[in-house]
Amino acid sequence: MPVRINDIIDEISTYVPDSGLRLVEKAYVFSARVHQGQTRLNGEPYLNHPLEVAYIVAQMRLDVVSVAAALLHDTIEDSLTKREDIKAEFGEEVASVVDGLTKISRIDFRSEEEKQAENFRKMILAMSKDLRVLLIKLIDRLHNMRTLAFHTRQNQLRIARETLDIYAPLANRLGIHWLQTELENLSFMYLEPEDYRILKAKMDSIAREKEDYLRNFMARVRLKLEEAGIKSDIKSRIKHIYSVYQKLKRQNISLSNVYDVLGIRIIVDTEAECYAALGVIHGSWKPIQQRIKDFIAQPKPNGYKSLHTTVIGPGGDRIEIQIRTREMDSVANDGIAAHWLYKDYAKTHDDAKFDPSKETHELSWLRRLLESHRELKNPRDFLRSVKLDLYPEEVFVFTPKGEVFQFPVGATPLDFAYSVHTQLGHQCIGAKVNGQIVKLNYELKSGDVVEILRSSKQHPSKDWLRIAKTSRAKNKIQAWLRAQEREQGIALGREMVEKKLKAVHPEQDVDLESIAKVFAYKSTDDFLAAIGFGRLSVNHVLNKLYPDYQKKKARSQAAEKKAEGASVVVKGVDNLLIRFAKCCRPIPGDDIVGFITRGKGITVHRSTCQYASEIDSQRMIPVEWDMGVNESHEVEMSVVCEDRPGMLGSITAAIGAKNVNISRLKALPLADGNSACQFFVAIKNLAELERLTADLKRIKGVIRVERR
Ligand code: MN
């Protein structure tokens, strides 16, 4: 049913005195005459559009000037009507609002950046003269989006993109949540129809499945709150589709893995009850700690206040809970408009006139924007400052040449580097921000001028996944790490196979290519990687190639095992391929790293080893101690002590008392008159070494005890 003028009159007569209705009726007659004979793309009379817009404006309880201006908003644009005609008929105020709306609709955003910036400036200028222009423009766009189906695909894409880039953020900035979400959802539907369809179906089915579940949960919450003496009003909610989509994209999760879309909203009477209710909830259901947000103590820039928490509901479902007072709820839905909705407007204002010049916190950003843009002559600077204000959850940074890059808050130089070029990301060692050198994990701030520092020796590592915030950077790092792991797997597989085969048949050349074929692998590399990653065991390969190998195996393995310590685990690697570096002699409990060494399997170093730090890190492989194995390792020690009789005896006695074997002991006189006693001990683990060191330090005359 199309909206009729009587619906609008009915709506505004609930908050505007009768005297104001005349203006609206007059505007209707004028608009009807001007648009007579015009039709919209869907074949309806054109007049339906201004009627719909005016009706929503009335529902938002804007003043009569706004409703009249909404009815007239397209008259100058689409006909021969002039600003002076409107002024003569309806007065300066209505004319100025309609004029502002006309100026905005003439702006063409389909242009290069410079021009777009200039147009954006014009738009802000037109809107910021009078907040009503902005509000009516947003409603106009909303109705156009609702009826976008009749446009060509090309126009749909352009209009939806513009809505998502400019109008939805403006609605967000004004805090009008319902308007923002509808603009976003509609834009999403046109821009990504396939994703929209999949996600919508998925969310609808979750909503259906979880209807009873949420109802039961809400009843239990109500009961818990009642027991605590808190009166509440509880509603269930499903998050809006575009916000779910953004989150999936941000976290790089596939559309079929939607999980937290369930939510409830608890409305209580006072701010104190908000916190009390939060306590009750957390006492009953386990909260996910990092998801608690206190927007009451720290309201959003648009004035939004609420407590947010996510709890694990019955059966393990995550449920987001918002807790707020009635007034906070009203601001959350209507934003800036809530302030004149919440108080009974008609009662407090005789002439029912909304005064946009009234100083409110929500308007101040718009005023600031206007003031700051007056000083910014360069349109690009202006666009920059507008974007800073419009997207409070984004940071905008620049290259030294002035190109602008946009990131989520928390982004680092790594995100910047990867957004320029993948190779630059891989080789990023830090950045110069505003001329100062910063580390990889520096948090970019709006306005930063960023220059990436690179080194051809640099490459990604696992901890980069925590430093990067954008999915692009994370994906690139992940891909590099996977390729690297494969390289390592292949190298390791080659070592294992060659070593084993040589052990069984030293006289034969190893033909890996034909062996890979025996096991039906597409390539030698695939075969070697399968072994390196432990998907295919070397013993299995040997058994198949040499059925008689089994008998020999027991003997040779026992011998090999004795020769080498076997207390390190590497996924998929046989013990006999592991050896301990002589430079640093690691023992269980030390932090260790492994390096693939051609012809020698894996060499394990202490991670602090000077020598290890010089080895090509591409050959590095993670290793771990197998704490279940109880073998001894040789450790070289040095004890500096006073040069007096009986010292050596006390030292060896202390070691013997610990049941530790000692070998290759020698004592040297030092230049300072003391002596140094050097020896090797067989130690099981770090704890034992520490106990021994403590004992040695307690001996009278011992100055220093060191592990070499
Ligand atoms: Mn319009």
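Me: Hi! I'm new to this one. Is Asp74 buried or exposed?
Reply: Welcome! Asp74 is buried in this predicted model, with a relative accessible area of 8%. The cut-off for buried is under 20%, so Asp74 falls on that side.

Me: And what does Asp74 coordinate?
Reply: Asp74 is one of the residues that coordinate the manganese ion, through OD.

Me: Is Asp140 buried or exposed?
Reply: Asp140 is buried, and its relative accessible area is 6%.

Me: OK, new topic: strands. How many residues of S15 are buried?
Reply: For strand S15, residues 601–606, the count is 6 of the 6, so the strand is largely enclosed by the rest of the structure.

Me: Which strands does S15 pair with?
Reply: One is strand S13 (residues 578–580), which runs parallel to S15 and is joined to it by 3 bridges. Another is strand S14 (residues 592–597), paired with S15 in the antiparallel sense over 6 bridges.

Me: Which residue in S15 is the bridge partner of Ile578?
Reply: That would be Ile602. If you'd like another pair to look at, Gly594 stands opposite Val604 in S15.

Me: Nice. Now helices: how do H1 and H3 cross?
Reply: Helix H1 covers residues 5–12 and helix H3 covers residues 48–59. Their axes come within 9 Å and cross at roughly 15°. H1 and H3 are therefore roughly parallel to each other, and their crossing is left-handed.

Me: Which residues meet there?
Reply: From H1, Ile5, Asp7, Ile8, Glu11 and Ile12 meet Leu51, Ala54, Tyr55, Ala58 and Gln59 of H3.

Me: Last one: which residues are buried in H16?
Reply: In helix H16 (residues 326–334), Met328, Asp329, Ser330, Val331 and Ala332 are buried.

Me: And what follows H16?
Reply: Gly335 does, and its phi is positive, near 55°.

Notes: Residues numbered from 1 in each chain as written. Predicted model: local features only at pLDDT ≥ 70, side-chain atom pairs only at ≥ 80, totals over all residues. Heavy atoms only, no water. Donors = N, O, S within 2.8 Å, 3.2 Å for Na, K, Ca; no water. Buried < 20%, exposed > 50% of the residue type's maximum accessible area, 1.4 Å probe, protein only. Helix = DSSP H or I, 4+ residues; strand = E, 2+ residues; numbered from the N terminus. Pairing = 2+ DSSP bridges. Axes fitted to C-alpha atoms, helices over the stretch in contact; angles between N-to-C directions. Parallel < 35°, antiparallel > 145°, perpendicular 65-115°, else oblique. Left-handed = near helix turned anticlockwise from the far one by under 90°. Contact = heavy atoms within 4.5 Å.
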